[in-house]
Amino acid sequence: MTNKKPNILLFGIDSLRRDHMSAYGYSRLTTPHLDKIAAEGVLYEKHFSPGIPTTPAYASMLTGMDVFGTDVVALRHEGPLGSHVKTLPELLAENGYNTSCVGFTGNPSSRGFQTYLDYESWVPDESGRTPKAQNLNDVAIPELERLAAEDKPFLLFMRHMDPHSPYLPPAPFERMFYGKDEKDPANDSMEPVYNFKPFADFLKSWIPEGVTDEAYVGAQYDGAIAYMDACIQGIFEKLNALGLEEETLVVITSDHGETLYEHDCYFDHHGLYDCTLVVPLIIKFPGRLPAGKRAQDVSVISDIMPTLLQLIGIDSGISFDGRSLLEPVASEDSERISELYLTECTWMRKHGWRTPEWKLIRSLEPDFHFKPEVELYNLIQDPEENNNVAEQQPEVVALLTKRMEDHIAKREEQTGRTNPIYTNLNWHGKGQTFTSSEQAYESLHIGNIIGARSLQSKEEAASK
């Protein structure tokens, strides 16, 4: 190994469900190449992204702060990331790093990279399919070669979009996990999807016409992951060919998970259910981290930045909200995490509190799914969160609400700012506060693929 600081390859994959990766025990072999990386590094079994969706989650990943610390809670965050936080690329640049970002231009949370590169990750090609991960490779691998030729360590951040709708993996991955007739007229499982007005136009714009089986769309999600996994291997092969494998720290993680056919949140990533909150985290660093370890402690997305800095030997002096996962959990200063404050602000404005046993969700405005204002799930007896027991367990609702409110008061006092879930009242860009689910249902509309893409980039949104 040279005297240079280690390089970092950070795979910040959008919408990757942990439970759909074979490394985490999924029955389908979706991630054989990432499984190999996990076998050579540390896999974190209970890793959470408690503040969803994209913009707040990446803000936490790239600053080491929670939503109180970043002051970012909404997908459509108004204004830039605050100057009170420093991003990972900004800090690394101060320490002699070159920094490049692939696939995340224009979002406030991607502030501070020296180089931004984009690739097509939404619009299908002439075949009707979207080879997202190969499109990413086409720009990321030449960038990896350029960075390797420089006399500086580097951070290469890559945001893969394959698990993010539209799920359109090329052949043969589109049939890899589906062998039935997706247009069987006797199957009516897609009717509620097509009848959900806010998303119907978007979903119909990319789901092949005539599909009647929801399992086919779910198989496209899995096929997209498998396709991405195969393409990512090309990046690892290039890293090896460049002779950088032993001096490069590899991180595989996600901003949030995905709802497929669960909870009426069709093929998206809203809803404070575990399918959107529990995400993968795999870290490989030869000679510094043990191979094949599966960590059992709870970790969160804001832990990533302090962990990476400790691994590469940079003392930032920043008091992160997250903690380094290398620190032993033994003192009062490194408190073991078991309960989480949850927020979402994409298509609904909600927050909640999660313990190992219970999940409380409270709406701050009526939602377009017509769900009750309070949801309570017993995660031991009902891990898929299908049975709301809020009315049967009012004392648990009261207990968890108090714990949540005490946490909010503590963090507001520590930061000197109001909880951003209370201040982002124009989270949907409609300039109003919803007073009924009917109003939300009639007001929110994702449109088509181009409209969906514009929600994630301020520059593109401004041009529409």
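1. P53 is found in the loop that lies between strand β3 (51-52) and helix α2 (54-61), and the peptide bond that joins I52 to P53 is cis, with an omega of about 10°. Please keep in mind, here and in every point below, that this is a predicted model.

2. A cis peptide bond also joins S165 and P166, where omega is about 5°. As for its place in the chain, P166 is found in the loop between β6 (154-158) and α6 (191-194).

3. D71, found in the loop between α3 (67-70) and α4 (88-94), is not a glycine and yet has a positive phi, near 65°. F267, in the loop between β7 (248-254) and α9 (274-277), is likewise not a glycine and has a positive phi of about 50°.

4. Are these two residues buried or exposed, or something in between? F267 has a relative accessibility of 1%, so F267 counts as buried.

5. Which strand is joined to β3, and in which direction do the two run? The partner is β10 (residues 340-345), which runs parallel to β3 and is joined to it by two bridges. In one of the pairings, G51 has T343 of β10 as its bridge partner.

6. Helix α10 (residues 304-312) is mostly covered, since eight of its nine residues are buried. These buried residues are I304, M305, P306, T307, L308, L309, L311 and I312. The helix is followed by G313, which has a positive phi near 80°.

7. The largest pocket has a volume of about 1,300 Å³. Its lining is made up of 47 residues, of which F320, D321, G322, R323 and I337 are the closest to the centre of the pocket. The elements that give two or more residues to this lining are α2, α3, α10, β10 and α11, so several elements from the points above return here. Helix α11 gives the most, with six residues. By class, the lining of the largest pocket holds 18 nonpolar, 14 polar and 15 charged residues.

8. The second largest pocket has a volume of about 640 Å³. It is lined by 23 residues, and those that lie nearest its centre are R18, D274, V278, R354 and P383. The elements that give two or more residues to this lining are β2 (42-48) and α9, with the largest share, three residues, coming from β2. Sorted by class, the lining of the second largest pocket has nine nonpolar, four polar and ten charged residues.

Technical notes. Residues are numbered from 1 along each chain as its sequence is written. This is a predicted model: local features need pLDDT of at least 70, side-chain atom pairs count only at pLDDT 80 or more; totals for chains, interfaces and linings use all residues. Side-chain values use heavy atoms; hydrogens and water are left out. Helices (H or I, at least four residues) and strands (E, at least two) are DSSP runs, numbered from the N terminus. Buried means under 20% relative accessible area, exposed over 50%, partly exposed in between (1.4 Å probe, protein chains only). Two strands pair if DSSP finds at least two bridges between them. On a 1 Å grid over the protein atoms alone, a cavity is a set of points where a 1.4 Å probe fits but cannot get out, and a pocket is an open set with protein on both sides within 12 Å along at least five of seven lines; lining residues have an atom within 4 Å of a point. Grid points are joined across faces, edges and corners, and a volume is the space filled by probe spheres set on the points. Ala, Val, Leu, Ile, Met, Phe, Trp, Tyr, Cys and Pro count as nonpolar, Asp, Glu, Lys and Arg as charged, and the others, Gly among them, as polar.
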